[in-house]
Amino acid sequence: MAEFSLSELETIIAQRAQSGDPDSWTVKLFAKGMDKAAQKLGEEAVETVIAAIKGDKKALVSESADLIYHWLVVLGIAGVPLDDVLRELESRTGRSGVAEKASRSKG
Ligand SMILES: N=c1c2ncn([C@@H]3O[C@H](COP(=O)(O)OP(=O)(O)OP(=O)(O)O)[C@@H](O)[C@H]3O)c2ncn1[C@@H]1O[C@H](COP(=O)(O)O)[C@@H](O)[C@H]1O
């Protein structure tokens, strides 16, 4: 199991977005805004689909990583926390108490 989480990547992206580092791809995407970031997300999704259809497992891993990174950038630009998506997924599992817990934590 990899010792890395989407939550950690979300934190890295938020920190890099604030860094102002001219060499940072994250900074560039945040500066270009949602249209460009969403376009990149779409491109990475298509590249992931192509890798899957070709049965190219190595490319599927790499393109999936690109896809998830760009998805988190889009969430960041939109101001949507990863946790909101995880809560939505959790609520779909039908686990009892999940919806109640989510609504309580949202205040
Ligand atoms: N996970 C990623 C990640 N995945 C993909 N990419 C970048 O996404 C960019 C776009 O991918 P493409 O394949 O489309 O590359 P490209 O063809 O050069 O791009 P275009 O010319 O089409 O615009 C590349 O520059 C990749 O480096 C990423 N950039 C950053 N991260 C993570 O974000 C952190 C901060 O990165 P910086 O913001 O660059 O410091 C890194 O340490 C990583 O953890």
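## Close-up views of the predicted model

**View 1. Helix α1 and the residue after it.** At 1.5 Å a residue, α1 with its 14 residues should span 20 Å, and this agrees with its end C-alpha atoms, which are 20 Å apart. The model shown here and in the other views is predicted. Just after α1, Gly20 has a positive phi of about 75 degrees.

**View 2. The helices of the protein.** The protein contains six helices and zero strands. Read from the N terminus on, its elements follow the order α-α-α-α-α-α. Of its 107 residues, 14% count as buried. Among contacts in the protein with a separation of 6 or more, 47% come from residues 24 or more positions apart.

**View 3. The shell around the ligand.** Surrounding the ligand are Ile12, Ile13, Arg16, Ser24, Trp25, Thr26, Val27, Ala65, Asp66 and Tyr69. Two or more residues of this shell come from each of α1 (6-19), α2 (25-32) and α4 (57-78). Sorted by class, the shell has six nonpolar, two polar and two charged residues.

**View 4. The largest nonpolar core.** In soluble globular proteins, nonpolar side chains tend to be buried together. Here the largest nonpolar core consists of eight residues: Ile13, Leu29, Phe30, Ala37, Leu41, Tyr69, Leu72 and Val73. The elements giving two or more residues to this core are α2, α3 (34-54) and α4. With three residues, α4 gives the most.

**View 5. Ile13 and its contacts.** Ile13 is one of the residues around the ligand and also belongs to the largest nonpolar core. Neighbours within four places in sequence aside, Ile13 is in contact with Thr26, Leu72, Val73 and Gly76. Of these, Thr26 is also in the shell around the ligand, while Leu72 and Val73 are members of the core.

Key. Residues are numbered from 1 along each chain as its sequence is written. This is a predicted model: local features need pLDDT of at least 70, side-chain atom pairs count only at pLDDT 80 or more; totals for chains, interfaces and linings use all residues. A residue is near a molecule or strand if its C-beta atom, placed from the backbone, lies within 6 Å of it. Helices (H or I, at least four residues) and strands (E, at least two) are DSSP runs, numbered from the N terminus. Ala, Val, Leu, Ile, Met, Phe, Trp, Tyr, Cys and Pro count as nonpolar, Asp, Glu, Lys and Arg as charged, and the others, Gly among them, as polar. A nonpolar core is a set of buried Ala, Val, Leu, Ile, Met, Phe, Trp, Tyr and Cys residues joined through C-beta atoms within 7 Å. A residue is buried if 20 or more other C-beta atoms lie within 10 Å of its own, exposed if 12 or fewer, and partly exposed in between; C-beta atoms are placed from the backbone. Two residues are in contact if their C-beta atoms, placed from the backbone, lie within 7 Å. The expected span of a helix is 1.5 Å times one less than its number of residues.
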